[in-house]
Amino acid sequence: MNSVAAVESPASVRQALQARISSMQSTRLDDDAFPVLPKMRGVLARGLRRGTVYSLTGSTSLALALVAAASQQGEWCGVLDVPDLGLEAAAGWGIDLDRLVWVSDPGERWMSTVGAMADVLGLVIVRPPTRVSASESSRLSARLRQARSTMLVLGDWPQSESEITVVSSSWTGLGDGHGHLADRRLDVEVRQGQRAGAPRRSQLRIPAGTIR
Amino acid sequence: MSASSSRVIVVWVPDWPIVAARQNLQATDLDLTDELPMALIDRGTVFACSSLARAAGVRRGLAVREAQLRCPELLVAPYDAQADSRAFEHFVTLIEELVPGVRILRPGLCAIRARGPARFYGGEQQAAATIRQALSESLASARVGIADSPFGAEQAALRTQESAPVRIIDPGTTRGFLAPLPISTLDDAALVPVLRRLGLHTLGDFAGLDRTAVGVRFAEAGLRAHARASATDRLSGAEHAPEADLGADVAFEPALDRVDQIAFGVRAAAESMIEQLAHAGLVCTALLITVTSESGDRSERSWSHPHHFSAADVVDRVRWQLQGSGGAAAGPSAPVERIEISPSRVDASTNHEAGLWGTSLDERVHHALARLSSLLGHGAVSTPSLGGGRFLAERRVLVPWGDESPQTQRDLPWPGSIPPPAPATVFSAPRRAEVRGALGEPVDVDARGTTNTAPVWMAFDQAPPLTISAWAGPWPVQQRWWDSDKRRSAARFQMIDSTGMAWLLILEDHTWAAEARYD
């Protein structure tokens, strides 16, 4: 190695190493994500990154849709303190209920519970507690990174890597006293990372019958 | 098979249910004398009665009231089939000390092959006498019948007298002994009336028929009955095997009141129990834990496992039972004196072998969630499943972690179900709502299922009202219309508010509530 370095200039060596690092990083990045349904790739092209926190506002369906593909591939998923989650909708998206863990009412132990769940479950959908201190949330982030599991927060979270917000939602099928809810269109804004800049907007169509 | 090799001894205890019930009642220190006539009641009618009661006119199948009318001093107790079989177990072990291979035909009646005991005790008469003598110490009058077939021996035992408690039908004459007995002896409610209509009034008549012809006309049941009538039936079924005691029993002296101390104390016993089971080639899939506290309280609970119990799982279940639903901080209300663990369901371990590559990940999940259950209290961690029901909230079934999932009735047609998509939020407690028409009048549905006016705005709790941009309904939901207490009758509406949010509203008793939200 030394002999090679001696022949080539330091700049070219640096460049070669840089290229190698970036190539390794990029492959790891793809491994480092949970897959999402083909329909959801418009929202998150690379899938859900492992070990991060996503904060979702405005739609529970979106959380279920994001989790579905990973669950279908045999990943264990968890639901913490979302007592009103519609199971039929979850099953409709294709989430495997046999590998879904439902934890209710953690009370004071919210933080330790979510940590314990993140240790073994790949994806956890949570409703955040009323108050989260910055230190607690960064401790949890570290734990998530270590366990390589992803948390989807239904609401605001102080240190989320990505924020997904439903800007508007519209339905077809329902008229003035007739019909029934059928297809849905969601306008979704995704803010990736903590860097400033305009969020990416995308449109998501959810047909009534064939969700999967 | 020669006649001597198929000889059968049948031991019968007259009025066994009564004997068993008496033993049970005496165990609870009830002052009881044998002189009191007694009857056991099963579903409102007399199931069994003592000889005194029979003398007073009480019969099997009589209504309780009628029995009490005929015999006013009658002692009435409910029939407990479980206790009945349990008590007979003791009786069988007494016989087993003398002769092996006892088969229980039903509580109060058991059969043994006669050849061995007859040879050992020097004759059938002597064998019967030995058995009776052994039983006479703990039980009153056991009767013995010996014949060429189990059915014949049973009939012989049933036809003994108190003065002559043993009846031996000589080899080769069993068919002749059975021949004059009425056809109803077969005790087959489906077959007996038909045979009687065919003019067969005794077992001899029936046994005289050609076996093949009986098989053609009456199939399996007929062939079985024919074999019994012609004394060619053989002993079948498994022999009674003495049950090894596989449970664990831990007593604490002095009594303990801290959960972790108790859990620690139980650990060794749990480990040896699981090891013993493994040694017998078994795994435990359900167990019963009984906790007895110093104050004499007993708490009993059965636990089942999605796979099978390991020693740590057993300790966890003890812990959960002591904690109740209170979580890690909770403990038993009084110091615990004793913990009994008995496996209530076991399975061959070959059915539970791990795969070649193991099930490591799932096991990790199981361990972590079991720990979480201990932390938060049993029931906080659960696996959800879809159940049946007309209302959305009742279709959600949560099975506590570590319990078995119940059979769901999800696939039944549930009329009134709403077309897909399913709402992502289903309120466990419906949210009160207010829905008004254009003039501010409440929207309601009349008996014919039509709305009085089109809904224009709605409001939840104290929130500001939202304009309704589209709606549909009412869709009627009727539940248990036959049950006046539990019946529910409601009308469903789908509505979209001005923000684009879709709701499933329900109108019941002129009150509006949100059942679900399509968010």
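Which residues in α12(B) meet which residues in α13(B)? In this predicted model, local features need pLDDT of at least 70 and side-chain atom pairs count only at pLDDT 80 or more, whereas totals for chains, interfaces and linings use all residues. Residues are numbered from 1 along each chain as its sequence is written, and chains are lettered from A and ligands numbered from 1 in the order in which they are written. On the side of α12(B), the residues are Val259(B), Ile262(B), Ala263(B), Val266(B), Arg267(B), Ala270(B), Glu271(B) and Ile274(B). They meet Ala311(B), Val314(B), Val315(B), Val318(B), Arg319(B), Leu322(B) and Gln323(B) in α13(B). Helices (H or I, at least four residues) and strands (E, at least two) are DSSP runs, numbered from the N terminus.

**The two helices of chain B**

- The contact of α12(B) with α13(B) has 11 nonpolar, one polar and three charged residues; Ala, Val, Leu, Ile, Met, Phe, Trp, Tyr, Cys and Pro count as nonpolar, Asp, Glu, Lys and Arg as charged, and the others, Gly among them, as polar.
- The axes of α12(B) and α13(B) are 8 Å apart, and the helices pack at an angle of about 145° (axes are lines fitted to C-alpha atoms, for helices over the stretch in contact, and angles run from 0 to 180 degrees between N-to-C directions).

- An open sheet of four strands in chain B has the order β9-β12-β10-β11, with antiparallel pairing (two strands pair if DSSP finds at least two bridges between them).
- The edge strands, β9 (248-256) and β11 (298-304) of chain B, each pair on one side only.
- Between β9(B) and β12 (residues 336-348) of chain B there are five bridges, and Ala251(B) has Arg338(B) in β12(B) as its bridge partner.
- Helix α12 (residues 259-279) of chain B lies across β9, β10 (282-293) and β12 of chain B, at about 165° to β9(B).
- Helix α13 (residues 311-323) of chain B lies across β10, β11 and β12 of chain B, at about 35° to β10(B).

**Where chains A and B touch**

- Chain A brings 42 residues to the contact and chain B brings 40 residues (residues are in contact if their C-beta atoms, placed from the backbone, lie within 7 Å).
- With five residues, α4(A) gives the most to the side of chain A that touches chain B.
- That side of chain A divides into 20 nonpolar, 16 polar and six charged residues.
- Across the two chains, β9(A) pairs in the parallel sense with strand β17 (residues 466-479) of chain B over two bridges, and Asp176(A) has Trp471(B) as its bridge partner in β17(B).

**A helix pair in chain A**

- The axes of α5(A) and helix α6 (residues 134-147) of chain A come within 9 Å and cross at roughly 15°.
- These two helices, α5(A) and α6(A), are therefore roughly parallel (angles under 35 degrees count as roughly parallel, over 145 as roughly antiparallel, 65 to 115 as roughly perpendicular and the rest as oblique).
- The crossing of α5(A) and α6(A) is right-handed.
- Just after α6(A), Arg148(A) takes a positive phi of about 55°.

Conventions:
Two residues are in contact if their C-beta atoms, placed from the backbone, lie within 7 Å. A crossing is left-handed if the near helix is turned anticlockwise from the far one by less than a right angle, and right-handed if clockwise.
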